[in-house]
Amino acid sequence: EARRQSELVAPTFDGQTICGSSSIVNVLVGSPRRSVVAFGFPGIDRVFRHDLGGRGRPIAWRGQLRAATDAALNTLEQTIEAFVADPRSFDVVDAWGRTFTGCVLDGFERRGPRREDSVGGQSLQDFELRFEQLDV
């Protein structure tokens, strides 16, 4: 089994590496979801289902934001937060070349405190981004 380091090819959102090129990002793709109404009638052995359509696919980016300075890391975080506030959908492309069209960035969560790499001096922030692919 060969594991590709995510930092070699950064995932993109709207064609941009919004996490920066030196960050470590793992892309986790969820399964498409559907919404249904299921019901039964007394005395009849069967469940009836009414399909209400697709409900999208969750996609998460988890890892560590890395930037040369605190100011550069602040800029990365501001860019991500601007996409969270933007209701438009864009494409997500991961390190494997998979493209997920029509995704919105629903959430940005910082995981733990901001740190500094004692060897390289980079500013570090563990994070998770939550996307929703609207039309699967």
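Does Asp126 count as buried, partly exposed or exposed, and what is its relative accessibility? At 23% relative accessibility, Asp126 counts as partly exposed, where buried means under 20% relative accessible area, exposed over 50% and partly exposed in between, with a 1.4 Å probe and protein chains only.

The model is predicted, so that local features need pLDDT of at least 70 and side-chain atom pairs count only at pLDDT 80 or more, whereas totals for chains, interfaces and linings use all residues. Along the principal axes, the C-alpha atoms fill a box of roughly 70 × 40 × 30 Å. Of the 136 residues, 34% count as buried. Among contacts (heavy atoms within 4.5 Å) with a separation of 6 or more, 62% come from residues 24 or more positions apart.

In soluble globular proteins, nonpolar side chains tend to be buried together. The largest nonpolar core of the chain has 21 residues, and those with the most contacts inside it are Phe13, Ile18, Cys19, Trp61 and Leu129; such a core is a set of buried Ala, Val, Leu, Ile, Met, Phe, Trp, Tyr and Cys residues joined through side-chain atoms within 4.5 Å. Leu129, when residues up to four places away in sequence are not counted, touches Ile18, Cys19, Ile59, Ala60, Trp61, Ile80, Leu105, Gly107 and Phe108.

Asp126 is placed in strand β8, and its C-alpha atom is separated by 8.7 Å from that of Glu109, 17 residues away along the chain. With residues up to four places away in sequence left out, the contacts of Asp126 are Gly63, Gln64, Glu109, Arg110, Arg111 and Arg115.

A further aspartate, Asp14, is found in the loop between β1 (12-13) and β2 (24-29), and is partly exposed with a relative accessible area of 33%. The phi of Asp14 is near 60 degrees, a positive value in a residue other than glycine. Most residues other than glycine have a negative phi.

Definitions and conventions:
Residues are numbered from 1 along each chain as its sequence is written. Side-chain values use heavy atoms; hydrogens and water are left out. Helices (H or I, at least four residues) and strands (E, at least two) are DSSP runs, numbered from the N terminus.
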